[in-house]
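The following questions and answers examine individual residues of one protein model. Please view the sequence and structure before reading on.

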Amino acid sequence: MMQYKTNSNLPDLKYLQIDLQATSHYQLQAAELVEQAILNNEGVLADNGALCIETGKFTGRSPKDRFIVLDEETKDKVNWNAVNQPIAEAHFETLWNQVTNYLSQQKLYVLDAKACADPAEEITIRVVSTNASHNLFASNLFINDNDAKAENQPDWSILVAPQYTIADYATLGLNNENFVAINFTKRIVLIAGTGYTGEIKKSIFTVLNYLLPTYKQYLTMHCSANRGENGETALYFGLSGTGKTTLSSDKRRQLIGDDEHVWTENKVFNIEGGCYAKCIGLNAESEPEIYQAVRFNSLLENVKFHEGTRQPDYEDKSITENIRVSYPLEFIENIVPNGQGSAPKHIFFLAADAFGVLPPISKLTVEQAMYYFINGYTSKIAGTEAGITTPQATFSACFGQAFLPLHPTKYADLLGEKLEQHPDIQVWLVNTGWVAGPYGVGNRIKLGYTRTLIREALAGKLSEQEYITHPIFGLHMPKACDAVPAEILNPVALWEDAAAYEKQALELKGLFEKNYEQFRQK
């Protein structure tokens with residue numbers, strides 16, 4: 001009979017106000033967590049071996065329910081706004097007491113792991129959860145701590161109670177019965193009332209987005225990264241749905257990481273030890289690396305099966321379009337084992353432009369790079385959210401505003417300094433969205449074309465081409481690229497009605513300027 005690591009060698013959780021009264025488990029292996037999740041009826045196995053769960057009411061993050069404790073540490077540093085909502089110390093204490101009283105009565109799963117692939121910058125993390133599947137998620141996304149010991153107190157602790165809700169939430173400064181609260185002084189994150197696993201990883205990303213720029217002057221980035229055979233690093237910034245994970249998972253290059261990175265003085269390193277990829281429309285032909293990573297020990301969220309089978313139906317969005325899979329980095333065949341790379345030579349800003357006006361690729365000046373970085377543009381298309389019938393511009397400062405505790409200009413200034421220090425870095429704007437018209441009229445650019453354009457840019461071949469200037473955005477567009485039809489490269493020429501193109505482009509340019517105005521004043 002398999003022996004689990006139960007109460008006898010669990011960490012003493014009294015520092016978290018948890019007094020365990022039920023049999024619990026510490027530092028289980030991934031396979032053991034899968035087994036426990038099935039025994040707990042948290043999920044079932046797909047035919048590819050992945051554990052499939054449904055996250056309940058929440059199939060994505062709930063930004064309006066995330067809070068940061070307002071205290072001496074944070075009061076003058078955090079950029080308090082609708083994203084970084086303050087919560088009083090006294091209210092946090094009450095919530096902490098309520099959550100830990102609940103957790104003390106539950107069977108718990110405790111995992112010790114790390115974040116930051118650079119050993120000099122790593123932090124230790126303890127995840128305490130009522131669900132084995134949440135521990136599995138943390139095991140996949142964070143870095144294994146092979147030296148973890150129950151008696152060691154971690155740098156940060158995350159308490160996850162998805163089934164627990166707060167009845168008197170309004171009196172405690174909350175907007176709803178669920179919440180995420182980050183306390184930088186106590187180094188504790190509370191997550192309650194939501195089963196969406198992404199809250200776990202993004203809470204630590206938020207923590208590092210505060211600590212590293214503030215105290216180390218390092219640039220923390222919501223981006224993917226990979227490395228070529230020549231050792232040169234490339235970064236890929238983009239909001240959800242722009243292809244950040246897909247384009248960085250290239251069999252011709254070694255993957256450093258798919259979502260969260262840090263740029264120090266002379267290196268880039270991954271914050272995480274795994275990937276959290278969107279699966280809507282996933283297939284073996286277009287995204288073979290991700291498709292093959294969905295197997296035993298990976299965790300599939302909110303996917304339906306083909307009727308009468310256990311085969312995931314990645315086209316079925318009846319639960320959500322935000323179908324996700326988490327898996328450890330080693331499930332990708334070609335990775336950088338230590339999760340580190342040199343300072344980047346190429347930076348790609350990815351935008352899924354549903355207006356159909358941005359070029360498939362354009363070369364940016366330093367000034368343009370700063371402009372597009374702090375705007376952080378993509379667009380929503382009709383049908384993705386209730387009430388959206390035409391393309392809508394979406395701006396997220398630095399391509400990650402929801403996770404930035406400091407003012408966005410802090411991160412933009414750090415990027416600007418690095419671009420000035422490294423004048424050989426080339427920054428590109430890539431449209432992974434629509435061409436020849438807006439969504440509903442034109443068509444989405446082929447992934448193969450985008451991959452080719454990026455590969456040609458990385459090889460230095462695009463820099464050798466002749467460029468023309470976009471008449472409205474001032475972007476520098478290559479006139480030719482091997483294996484890509486020349487007519488694809490100029491969005492103006494693709495529209496049948498030049499006047500309609502100009503009107504649409506001017507409208508989008510106006511939206512950029514309106515959004516940028518808030519940063520121009522800083």
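Contact here means heavy atoms within 4.5 Å. This is a predicted model, in which local features need pLDDT of at least 70, side-chain atom pairs count only at pLDDT 80 or more, and totals for chains, interfaces and linings use all residues. Residues are numbered from 1 along each chain as its sequence is written, and side-chain values use heavy atoms, with hydrogens and water left out.

Q: Which residues is R61 in contact with, leaving aside its neighbours within four places in sequence?
A: R61 is found in the loop between β3 (51-53) and β4 (66-70); strands are DSSP runs (E, at least two residues) and helices are runs of H or I (at least four), numbered from the N terminus. With neighbours within four places excluded, the contacts of R61 are Y196, E199, K202, A402 and F403.

Q: Is R61 buried, partly exposed or exposed?
A: Buried means under 20% relative accessible area, exposed over 50%, and partly exposed in between (1.4 Å probe, protein chains only). The relative accessibility of R61 is 32%, so R61 counts as partly exposed.

Q: Which side chain makes a polar contact with the side chain of K202?
A: K202 lies in helix α4 (residues 198-215) and is buried, with a relative accessible area of 9%. A polar contact is a pair of N or O atoms within 3.5 Å; within protein, one must be able to donate a hydrogen and the other to accept it, and residues adjacent in sequence count only if both atoms are side-chain atoms. At 2.7 Å, the partner of the K202 side chain is that of D259.

Q: Where does D259 lie, and is D259 buried or exposed?
A: D259 lies in the loop between β14 (254-257) and β15 (260-263). Its relative accessibility is 8%, and therefore D259 counts as buried.

Q: What is the largest C-alpha distance among the "binding site" residues K202, H222 and D259?
A: UniProt places this feature (unreviewed entry) at K202, H222 and D259; its positions are given in the numbering used here, feature names are shortened, and annotations may be inferred rather than shown by experiment. Although these residues are spread over 58 residues of sequence, they cluster in space, with a largest C-alpha distance of 10.3 Å.

Q: Which side chain does a polar contact join to that of Q340?
A: Q340 lies in strand β22 (residues 340-342). Its relative accessibility is 14%, so Q340 counts as buried. The polar contact, of 2.9 Å, joins the side chain of Q340 to that of K267.
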